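Morning, everyone. Today I want to talk about pockets. Have the structure open while I speak.

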Amino acid sequence: MSAQLVFDRVPLGALIRYADGSPRPPESHRKKLAAWKNRNSGRLIAKRAQTIVGNTTLPASITLHKGDFGSGGVIVLRVHQTFSVNSDLTFTVVERPAIGSVLVLDRAGEDAELVHLAGSREAAEAWLKSHGYPHAVLHEVTADEAAIGADGGRAAA
């Protein structure tokens, strides 16, 4: 599917794989395969609408969380990658957020960004107590939301 279809139909929290043109290494090459997966997948954490800044139009975009780096339980670097909806890469939804899981969003509104995906409301509230997001919003994934776009982006007949 295209980046535009991901923007239009895929919910935040979905795990996305995309093709950057490099071939997938065989399963026996564990380190090379892990590096390839890191370069070619991420969790959908944000969708930004088209923006006009002066005379420049910035197209809508999607942002994937690629990974966290640190040690001793302290994250020192969070890696995100943003793609324009005009990207010529091919995207595939690997996993959607489960029904009943809870999205922890950094704020309310359309510009909200996913900061954590919890298995339940209790887990989300516990995570939120130990992390500093004073304007966070919890959003439970419903069956209707999980079904939206589950056909891989094809229109229903």
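Start with the largest pocket: it holds about 470 Å³ of space. Keep in mind that this is a predicted model.

What lines this pocket? There are 20 lining residues. Val 10, Pro 11, Leu 12, Lys 47 and Glu 110 lie nearest the centre. Please find those five on your screen.

Now the elements. Two or more lining residues come from each of α1 (3-9), β2 (41-48) and β8 (102-105). Helix α1 gives the most, with three residues.

How does the lining split by class? Eleven residues are nonpolar, two are polar and seven are charged.

On to the second largest pocket. Here the space is about 190 Å³.

Which residues line this one?

Look at the strands. β2, β5 (61-71), β6 (74-84) and β9 (114-118) each supply at least two lining residues. The largest share comes from β9, with four residues.

And the classes? In this second lining, five residues are nonpolar, three are polar and four are charged.

Key. Residues numbered from 1 in each chain as written. Predicted model: local features only at pLDDT ≥ 70, side-chain atom pairs only at ≥ 80, totals over all residues. Heavy atoms only, no water. 1 Å grid on protein atoms, 1.4 Å probe; cavity = no way out; pocket = protein on both sides within 12 Å on 5 of 7 lines; lining within 4 Å. Points joined across faces, edges and corners; volume = space filled by probe spheres on them. Nonpolar A, V, L, I, M, F, W, Y, C, P; charged D, E, K, R; others polar.
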